[in-house]
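Trainee: Could we go through this model together? I'd like to know where the labels come from.

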Amino acid sequence: MAARSFIGTNCWHGDRWRDIFYPPELAQPRWRSFHSKHFSPTTLNNGIYLLPSEVAAINWRQSTHPGFLFAIKMRPITHLRKLTETTLQNALRKMRDYSQ
């Protein structure tokens with residue numbers, strides 16, 4: 001199996017991207033959809049403290065193209081280095097539920 005690499009970003013909502021990446025006339029609520037046409041994956045930094053709500057995850061999924069990748073930072077794993085079977089299984093179950 002060939003290795004695959006992805007180039008992504010750590011967010012889609014930084015104001016500093018206005019007029020540089022996002023067209024000036026593009027309303028901010030449409031930034032995620034525009035961004036997803038150019039980059040995949042995007043890191044979700046809010047997972048550092050709390051996994052996203054079901055409403056947020058569904059909204060993200062609906063505003064991106066099929067196959068778009070989200071990389072979720074999870075503080076117990078990425079920052080505290082305390083990966084446990086329970087932590088991992090809970091996160092995977094929750095995010096799998098959101099991705100249906």
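Mentor: Let's begin with a term: contact means heavy atoms within 4.5 Å. Leaving out residues up to four places away in sequence, S36 touches S63, T64, H65 and F68.

Trainee: Before I go on, what should I know about the model and its numbering?

Mentor: This is a predicted model, where local features need pLDDT of at least 70 and side-chain atom pairs count only at pLDDT 80 or more, while totals for chains, interfaces and linings use all residues. Residues are numbered from 1 along each chain as its sequence is written, and side-chain values use heavy atoms, with hydrogens and water left out.

Trainee: What is the mean pLDDT of the chain?

Mentor: pLDDT is the predictor's confidence in each residue, from 0 to 100. The chain has a mean of 77, and 84% of its residues reach 70 or more.

Trainee: What makes a stretch count as a helix or a strand?

Mentor: Both are DSSP runs, numbered from the N terminus: helices are H or I with at least four residues, strands are E with at least two. This chain comes to 4 helices and 2 strands, and from the N terminus on the order is α-β-α-β-α-α. S36 is found in helix α1, residues 31-36.

Trainee: Why is S36 called buried?

Mentor: Set its value against the cut-offs: buried means under 20% relative accessible area, exposed over 50%, and partly exposed in between, using a 1.4 Å probe and protein chains only. S36 has a relative accessible area of 3%, so it is buried. Across the chain, buried residues make up 28% of the 100 residues.

Trainee: And D19, buried or exposed?

Mentor: D19 has a relative accessible area of 52%, so it goes down as exposed. D19 is placed in the segment before α1, and its phi is near 70°, a positive value in a residue other than glycine.

Trainee: How do you know whether F21 and Y22 count as buried, exposed or partly exposed?

Mentor: F21 comes out at 22% relative accessibility, so F21 is partly exposed. Y22 is at 1%, so Y22 counts as buried.

Trainee: What makes F21 and Y22 an aromatic pair, and which kind?

Mentor: Rings of Phe, Tyr and Trp (its six-membered ring) pair if their centres lie within 6.5 Å; planes under 30 degrees apart count as stacked, over 60 as edge-to-face and the rest as tilted. A search of the whole structure finds 8 aromatic pairs. For F21 and Y22, the ring centres are 4.9 Å apart and the planes are at 70°, so this pair is edge-to-face. One aromatic cluster is formed by W17, F21, Y22, W31, F34 and F39.

Trainee: What else does Y22 touch?

Mentor: Y22 lies in the segment before α1. Not counting residues up to four places away in sequence, Y22 touches W12, W17, W31, F34 and H35.

Trainee: Which residues form the largest nonpolar core?

Mentor: A nonpolar core is a set of buried Ala, Val, Leu, Ile, Met, Phe, Trp, Tyr and Cys residues joined through side-chain atoms within 4.5 Å. The largest one here has 7 residues: W12, W17, Y22, L26, W31, L44 and W60.

Trainee: Why is T9 called buried?

Mentor: T9 has a relative accessible area of 12%, so T9 counts as buried. T9 lies in the segment before α1. Leaving aside its neighbours within four places in sequence, T9 is in contact with W17, H35, F39, P41, T42 and T43. T9 and S40 are 31 residues apart in sequence and 7.7 Å apart in space, C-alpha to C-alpha.

Trainee: What about M74, buried or exposed?

Mentor: M74 is buried, because its relative accessible area is 13%. M74 sits in the loop between β2 (70-72) and α3 (75-78). From M74 to L88 it is 9.4 Å, C-alpha to C-alpha, and 14 residues in sequence.
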